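Morning, everyone. I have one structure for you today, and a few places in it to look at. Let me put it on the screen.

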Amino acid sequence: MSELTRLTLSDARDGLRAKKFSARELTEAHLDAMAAARSLNAFVTETPDQALAMAAASDAKLARGEGAALEGVPLAIKDLFCTKDVLTTACSRILEGFKPPYEATVTAKLWDAGAVMLGKTSLDEFAMGSSNATSCHGPVENPWRRRGDNRPLVPGGSSGGSAAAVAARIALGATGTDTGGSIRQPASFCGVVGMKPTYGRCSRWGVVAFASSLDHPGPITRTVRDAALMLQAMSGHDPKDSTSAPVPVPDFAASLTGDIRGLKIGVPKEYRVDGMPAEIEALWQRGVEWIKSAGAIPVEISLPMTKYALATYYIIAPAEASSNLARYDGVRFGLRVPGESLDAMYENTRAAGFGAEVKRRILIGTYVLSAGYYDAYYLRAQKIRTLIAQDFEQAFTRCDAILTPTTPSPAFALGEKQDDPITMYLNDVFTVPADLAGLPAISLPAGLSDDGLPLGLHVIGRAFDEETVFRVAAVLESAANFTAEPTR
Amino acid sequence: MALDKTIVARIATLARIKVSDSELESLAGELSGILAWIEQLNEVDVTGVAPMTSVAHMKMPMREDKVTDGGDRDAILKNAPQEARGFFAVPKVVE
């Protein structure tokens with residue numbers, strides 16, 4: 001493995017500026033790593049020619065001393081972001097062959113900041129899943145293995161390809177999207193950092209829509225500082241997204257002071273769910289000790305509506321998905337399967353184009369929005385969503401950030417937990433509430449399970465207070481001193 | 001509430017997804033399982049609670065009513081499975 005792929009994003013950026021190596025050398029090292037790790041199936045489209053052209057442009061700028069914030073930094077892009085003239089599939093057959101005629105705002109911002117695109121990473125079809133197993137391009141392998149057990153594990157999902165690519169040192173960072181935990185859960189499973197910013201911080205324009213009121217673009221990186229740098233470039237108001245927040249973007253990296261003295265950190269008692277493994281409980285306890293030794297004050301808080309968050313999510317997200325995915329009709333882009341009539345063409349196209357989990361969610365969503373059931377399901381869920389957000393508002397009168405585990409278990413093997421959709425849904429029990437309330441939240445690697453797999457700690461903050469989230473996460477990161485690396 | 005095959009077939013028609021008879025049975029089981037799990041929400045007292053309509057506390061912004069984009073017909077048609085004379089083409093709907 002090349003030394004260049006072992007750098008952090010932050011060190012790579014500094015090395016480029018100091019001309020210790022060129023953007024071309026850095027990009028080639030990552031392209032080699034990508035080719036060597038194809039068995040992980042993390043990428044669905046590789047863009048080496050584009051990467052080298054972008055690296056050459058970066059080298060020219062760096063030579064003139066004009067490098068932008070991420071000049072020459074190689075990144076991977078989740079295949080849910082529209083990239084101009086580069087295949088964008090959402091890992092669904094229904095988007096077969098789709099080459100967007102435009103660029104998503106977030107990726108456009110990254111290219112403006114000088115970043116280099118290595119390729120597009122795999123995800124659960126339309127970001128619906130927690131194992132990356134529903135991708136139409138086949139499952140992604142987690143670069144980690146259990147100690148003494150050679151069975152491949154899932155990378156988590158839906159941003160599984162992005163998390164696996166960053167963990168396997170193929171990319172210095174990757175974009176993800178988080179609707180119910182899809183940045184933080186795979187980051188936790190792969191031993192990397194995943195940051196979901198406040199709703200409205202990053203534009204959704206050009207991101208293939210799953211559930212519009214829940215979709216959050218964000219970065220996946222190997223360090224907290226890298227996440228701050230990458231989020232900086234991705235953030236900002238976008239007039240093309242009416243839910244994009246017209247608020248200034250602070251200097252996130254400046255918040256990494258290492259000083260959390262006097263901060264109050266909430267520990268929600270309801271997150272001690274039944275059957276949570278002892279190793280997760282112990283990790284959480286260590287996290288509390290770490291923030292205490294750093295001079296912060298743990299306070300017990302109550303988020304009583306948490307236990308209803310998942311069920312609420314599984315009404316709202318499918319409802320929005322059924323509406324968003326109505327656009328795949330075989331007329332304007334993607335797959336078309338012929339039929340006798342227009343309706344038959346729609347039905348055949350959607351039957352062949354969508355996978356089983358996507359169909360399940362569209363059908364649930366259609367049902368909960370249908371006449372006679374709307375009030376009982378959708379309206380009730382939106383009311384409970386208000387109560388969940390109020391829980392957090394209450395809690396934040398007593399604390400500045402909240403500390404929890406990211407997931408109730410480490411990565412599992414492919415095929416495990418797949419007999420029943422609800423067992424899979426439970427992966428997101430700790431991450432879903434912050435999506436429903438639109439709050440910023442980060443997962444960082446903080447320890448290893450008994451069988452040697454990474455476990456994440458999770459910090460949730462107030463709306464538009466990513467700075468405190470980063471500040472607390474960086475203190476936990478240095479206390480945890482997580483140096484373990486995946487075997488592949 | 002348990003869904004039977006008839007209801008699933010009706011939802012599938014609304015969603016414009018063709019579902020074979022053999023799939024209806026297993027889908028009815030899976031969807032009923034998910035709905036039964038969702039029933040827990042009935043425990044919550046939502047009297048007087050306003051439904052959430054906006055995640056972020058912000059007003060929907062207004063912009064000037066003017067055309068800012070357009071004239072991209074060819075770029076838009078490039079991804080169409082079938083086009084004819086500058087239009088999207090679909091199976092015949094009028095005899």
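I will go through a strand, a helix residue, a pocket and some backbone details.

Keep in mind that this is a predicted model.

Start with strand E6 of chain A, residues 216–221. Is it enclosed or open to solvent? Six of its six residues are buried, so the rest of the structure largely encloses the strand. Now its neighbours. Strand E4 of chain A, residues 173–178, pairs with E6(A) in the antiparallel sense, over six bridges. Within that pairing, look for A:Gly176, which stands opposite A:Gly218. Strand E5 of chain A, residues 193–196, also pairs with E6(A). That pairing is antiparallel too, with two bridges. Here A:Gly194 has A:Ile220 as its bridge partner.

Next, A:Leu110. You will find it in helix H4 of chain A, residues 105–112. Its relative accessibility is 0%, so A:Leu110 counts as buried; the cut-off for buried is under 20%. What does A:Leu110 touch, leaving out residues up to four places away in sequence? The list is A:Leu70, A:Leu75, A:Ile77, A:Ala115, A:Thr175, A:Met230, A:Ala233 and A:Met234. One of these, A:Thr175, falls within the residue range of E4(A), 173–178. A distance for reference: 18 Å separates the C-alpha atoms of A:Leu110 and A:Val224, which are 114 residues apart along the chain.

On to the largest pocket. Its space is about 1100 Å³. It is lined by 32 residues, and the closest to its centre are A:Tyr102, A:Trp205, A:Gly206, A:Lys240 and B:Asp69. How does the lining split by class? There are 17 nonpolar, six polar and nine charged residues.

Last, the backbone. Most peptide bonds are trans, and most residues other than glycine have a negative phi. Here are the departures I want to show.

The peptide bond from A:Gly157 to A:Ser158 is cis, and omega is near 10 degrees. A:Ser158 sits in the loop between strand E3 and helix H5 of chain A.

A:Phe464 has a positive phi, near 60 degrees. Its loop runs between strand E11 and helix H15 of chain A. With a relative accessible area of 27%, A:Phe464 is partly exposed.

B:Arg85 also has a positive phi, near 45 degrees. This residue lies between strands E1 and E2 of chain B, in the loop. Buried or exposed? B:Arg85 counts as exposed, at 77% relative accessibility.

That is my tour. Over to you.

Definitions and conventions:
Residues numbered from 1 in each chain as written. Chains lettered and ligands numbered in written order. Predicted model: local features only at pLDDT ≥ 70, side-chain atom pairs only at ≥ 80, totals over all residues. Heavy atoms only, no water. Buried < 20%, exposed > 50% of the residue type's maximum accessible area, 1.4 Å probe, protein only. Helix = DSSP H or I, 4+ residues; strand = E, 2+ residues; numbered from the N terminus. Pairing = 2+ DSSP bridges. Contact = heavy atoms within 4.5 Å. 1 Å grid on protein atoms, 1.4 Å probe; cavity = no way out; pocket = protein on both sides within 12 Å on 5 of 7 lines; lining within 4 Å. Points joined across faces, edges and corners; volume = space filled by probe spheres on them. Nonpolar A, V, L, I, M, F, W, Y, C, P; charged D, E, K, R; others polar.
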